[in-house]
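The entries below are in the order in which I looked things up.

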Amino acid sequence: MKSTILRTIVLACLCQGAAWAASPPDLSGFWMLDFKPGTADPALMAKVKPGSVFLNDTGAAEFGPMEFGGLKLKPEALAAARAWKIADDMTVQNSCRIPSIVYAMQGPFPIEIFQGTEMIVMRLEYFDMARVIFLNRKEHLPAKAAHTKTGDSIGHWEGDTLVVDTTHLKEATITNNGLMHSTQIHVIERFRLSADGKQLLATQEFEDPEVLDNRGVRYITWSRVAGDHVHAYDCDPSFAEAYAK
Amino acid sequence: MKRRRRIPLLMAMAALAVSAAVHAHHSFAVFFDAEKVVKVKGTVTEFQFRNPHGLIRLDVADSAGAVSVWKVETNSPSILERRGWSRTTLKAGDVIVVEGWPARDGAPYLRMRSVTRPDGSVVGTPLDMSVSEQK
């Protein structure tokens with residue numbers, strides 16, 4: 001009798017596990033960034049590591065000069081931020097410099113998601129970027145592997161939430177005002193659908209021991225738009241010449 | 001006698017609470033003053049429709065007829081396309097009124113918020129309307 005009950009429980013657990021594994025929510029589709037993300041989703045925020053400072057610069061919001069939303073910069077990073085000049089971004093060399101996903105995910109551009117069982121592809125309109133999130137890999141690439149603006153992303157499902165762990169990012173801006181992350185930045189993102197399925201909700205946590213003394217977290221949301229697709233960005237650096245003339 | 005630079009005819013500055021100044025490549029918050037909105041009427045001499053930003057060049061005459069050149073930076077064309085713009089929306093010779101956020105350094109350089117034609121018709125969907133429609 002005891003073993004029958006045990007077998008039933010084990011079978012029920014296996015079935016439940018199989019059901020979750022077989023049917024995660026479908027995040028596929030075209031998502032337009034919300035300029036005002038609204039109140040952060042409690043379920044996602046509950047997963048954020050304690051001590052993370054909340055950055056209110058997503059969507060339309062943006063930090064001004066020497067404003068970093070509570071991030072504590074190490075002396076070298078602070079000196080670099082002080083030395084940074086906005087005019088330097090308005091040059092042919094820099095006007096099409098691609099950000100990493102740290103800044104790009106909350107930029108004012110849409111994303112398009114193609115969801116598979118072994119990987120998920122996210123196309124970002126911003127700078128024509130494409131992310132591949134590997135669901136079939138548990139370990140990151142070796143440390144010596146190339147660092148890129150999209151990095152190495154591995155993901156898994158925790159119930160209805162896609163958890164994405166990213167390393168191997170090349171240096172790029174964090175806040176678009178002189179604060180740069182290093183190649184040591186580590187990003188954890190959690191994505192889930194709103195209850196009505198019309199919004200994609202996400203947190204983006206990051207830590208960078210070379211640049212920051214604390215951790216940051218952003219809350220980002222997108223709204224589903226039917227029938228649209230990512231456009232070409234095709235950045236043209238000659239914009240900087242037009243600015244200078 | 002040194003002639004004093006005059007303020008363009010239809011330029012007006014008003015303090016506004018702005019929460020939807022969409023940034024893109026370079027920092028909006030660092031480069032532009034989001035607390036002010038400037039309105040400029042002028043004649044289009046050039047319209048570039050390319051990323052990371054479009055650019056409108058305008059001849060703006062002051063009350064004495066002296067002409068100054070203003071440059072107006074737009075959002076990314078891919079964003080503008082969704083707001084009803086195309087690369088042929090403006091052409092040289094068009095007279096328009098541009099409302100936008102001024103450069104912090106005082107240069108005659110704006111970030112476009114809306115464009116209106118002399119008959120009062122608005123070009124595309126202005127930014128704030130676009131934001132509300134997305135919610």
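This is a predicted model: local features need pLDDT of at least 70, side-chain atom pairs count only at pLDDT 80 or more; totals for chains, interfaces and linings use all residues.

**Entry 1: the contact between the chains**

For contact I used C-beta atoms, placed from the backbone, within 7 Å.

Residues are numbered from 1 along each chain as its sequence is written, and chains are lettered from A and ligands numbered from 1 in the order in which they are written.

**Entry 2: confidence**

I noted an ipTM of 0.75 and a pTM of 0.83 from the predictor for the complex. Two stretches of chain B need a caution. Over residues 1–21 of chain B, pLDDT stays under 50, and the model has 41 contacts beyond four places in sequence for them. Over residues 129–135 of chain B, pLDDT also stays under 50, with 7 such contacts.

**Entry 3: chain A overall**

I counted 5 helices and 12 strands in chain A. Helices (H or I, at least four residues) and strands (E, at least two) are DSSP runs, numbered from the N terminus. The C-alpha trace of chain A spans about 85 × 45 × 40 Å along its principal axes. Of its 245 residues, 36% count as buried. Buried is 20 or more other C-beta atoms within 10 Å of a residue's own, exposed is 12 or fewer, and partly exposed is in between, with C-beta atoms placed from the backbone. Among contacts in chain A with a separation of 6 or more, 58% join residues 24 or more positions apart.

**Entry 4: strand 1 of chain A**

Which strands pair with strand 1 of chain A? I found strand 1 (residues 29–33) joined to strand 3 (residues 111–115) of chain A by 3 bridges, antiparallel. A:Phe30 has A:Glu112 as its bridge partner there. Strand 1 of chain A also pairs with strand 12 (residues 216–224) of chain A, antiparallel, over 3 bridges. In strand 12, A:Ser223 is the bridge partner of A:Met32. Pairing here takes at least two DSSP bridges between two strands.

**Entry 5: A:Leu193**

Is A:Leu193 buried, exposed or partly exposed? I found A:Leu193 in strand 10 (residues 186–193) of chain A. A:Leu193 counts as partly exposed because it has 17 C-beta neighbours inside 10 Å. Not counting residues up to four places away in sequence, A:Leu193 touches A:Pro25, A:Leu27 and A:Leu200. I also checked A:Thr91, which is 102 residues from A:Leu193 in sequence and 39 Å away in space, C-alpha to C-alpha.

**Entry 6: chain B and its hairpins**

Chain B has 3 helices and 6 strands, in the order β-α-β-β-β-α-β-β-α along the sequence. Buried residues make up 37% of its 135 residues.

Strand 2 (residues 36–48) and strand 3 (residues 55–61) of chain B run antiparallel and are joined by 5 bridges. B:Thr43 stands opposite B:Asp59 of strand 3. The two strands form a hairpin with 6 residues between them.

Strand 3 of chain B also pairs with strand 4 (residues 67–73) of chain B, antiparallel, over 7 bridges. B:Lys71 in strand 4 is the bridge partner of B:Arg57. This hairpin has 5 residues between its strands, and B:Gly65 in the turn has a positive phi of about 95°. B:Gly65 counts as exposed because it has 7 C-beta neighbours inside 10 Å.

**Entry 7: the nonpolar core**

Which residues have the most contacts inside the largest nonpolar core? I noted A:Leu73, A:Val102, B:Val98 and B:Leu110, in a core of 68 residues. Such a core is a set of buried Ala, Val, Leu, Ile, Met, Phe, Trp, Tyr and Cys residues joined through C-beta atoms within 7 Å. Leaving aside neighbours within four places in sequence, the contacts of B:Leu110 include B:Val38, B:Val40, B:Trp70, B:Val72 and B:Val98.

Note on methods: pLDDT is the predictor's confidence in each residue, from 0 to 100.
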